[in-house]
Amino acid sequence: MKIICIGRNYVQHAQELGNEIPSSPVIFMKPDTAVLKKGSDFYIPEFSNDVHYELEVVLKISKGGKYIQEENASKHFDEIGLGIDFTARDLQSELKSKGLPWELSKAFDGSAVISEFYSKDEFDIKNMNFSLLKNKEEAQNGNTSLMIFSPEKIIAFVSQYFTLRVGDLIFTGTPKGVGKVTENDQLDAFLEDKKLFSLRIQ
Ligand code: MG
């Protein structure tokens, strides 16, 4: 199983980090060892003093393929969930400034929080609200209608480079409002009114 992540897929998030609006999707990956075990707390790694939450809609690939056409892409995923793409922002800034890959700041153990998955038919995936509460106060909210690249466009794009297999996950990018976590924070993630997970930071 591989985890493909999209960066800068919401205009206001790209702007809050001072990045240009991309003309094609920004892609990176996390290994399966990045997945935080269900029910576990998230431990801030010792190599960062600025770990950020990034709440994202996650697609689960249900039918593999290569060179998937955009018009057929919706047939390749039938479940969605939410995830957090934890990012060591201080380390990422250092890597970016040196023109180096981001993996150390994005793909470390525990950096991928993933909820249970639900049938996409339960939601209007083109116009779906999702939000993250930090210590019971809203920290992030997004709507999938604000994505620069739709799930179908993302699948068509990435499958030109990577064969998609059943069970692969795609993190579709975070909306504005990313921020730092500190010890004892509690994060709660909602897809519309449905609470998908709670997470304690250590
Ligand atoms: Mg992200």
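Residues are numbered from 1 along each chain as its sequence is written, and side-chain values use heavy atoms, with hydrogens and water left out. Because the model is predicted, local features were required to have pLDDT of at least 70 and side-chain atom pairs were counted only at pLDDT 80 or more, whereas totals for chains, interfaces and linings use all residues.

The chain contains four helices and 14 strands, where helices (H or I, at least four residues) and strands (E, at least two) are DSSP runs numbered from the N terminus. The C-alpha trace spans about 45 × 40 × 30 Å along its principal axes. For 202 residues, a compact globule would have a radius of gyration near 17 Å, and the 16 Å of the chain agrees with this; the radius is taken over C-alpha atoms, and the globule rule is 2.2 Å times the number of residues to the power 0.38. Of the 202 residues, 53% count as buried, a class defined by a relative accessible area under 20%, with exposed meaning over 50% and partly exposed lying in between (1.4 Å probe, protein chains only). The chain exposes about 9500 Å², of which carbon and sulfur atoms supply 48%; these areas come from the Shrake-Rupley method with a 1.4 Å probe, and for residues only the protein chains shown count as cover. Among contacts (heavy atoms within 4.5 Å) between residues at least 6 apart in sequence, 76% join residues at least 24 apart. The mean positions of the 24 positive and 30 negative charges are 3 Å apart, with Lys and Arg counted as positive, Asp and Glu as negative, and His and the chain ends not counted; each charge is placed at NZ of Lys, CZ of Arg, CG of Asp or CD of Glu.

A magnesium ion has Glu54 (OE), Glu56 (OE) and Asp85 (OD) as its protein donors, at 2.0 to 2.1 Å. Donors are N, O and S atoms within 2.8 Å of the metal (3.2 Å for Na, K and Ca), and the site may look incomplete because water is not among the atoms. The donor residues follow the spacing E-x1-E-x28-D in sequence, and both Glu54 and Glu56 are buried.

Ser111 lies in the loop between α3 (103-106) and β7 and counts as buried because its relative accessibility is 0%. The C-alpha atoms of Ser111 and Ser145, 34 residues apart along the chain, are separated by 26 Å. Ala112 belongs to strand β7 (residues 112-114) and is likewise buried at 0% relative accessibility. Beyond four places in sequence, Ala112 is in contact with Ile3, Lys30, Ala34, Val35, Leu36, Ile84 and Phe171, and its C-alpha atom is 8.7 Å from that of Asp32, 80 residues away along the chain.

Helix α4 (residues 151-158) is mostly covered, with seven of its eight residues buried. These are Pro151, Glu152, Ile154, Ile155, Ala156, Phe157 and Val158, and the buried residues of the helix pack against β1 (3-7), β2 (26-30), β4 (55-61), β5 (77-85) and β11 (169-171).

In strand β13, Leu187 is buried because its relative accessible area is 0%. Its contacts beyond four places in sequence include Tyr53, Ile84, Phe86, Leu132, Val181, Phe197 and Ile201, and Leu187 and Glu138, 49 residues apart in sequence, are 9.6 Å apart from C-alpha to C-alpha. Glu192, in the loop between β13 and β14 (194-200), counts as partly exposed at 33% relative accessibility. With neighbours within four places set aside, Glu192 is in contact with Phe123, Asn127, Met128 and Asn129; the C-alpha atoms of Glu192 and Met128, 64 residues apart along the chain, are separated by 6.7 Å.

Most residues other than glycine have a negative phi. Asn184, in the loop between β12 (179-180) and β13 (186-191), has a positive phi near 80°.
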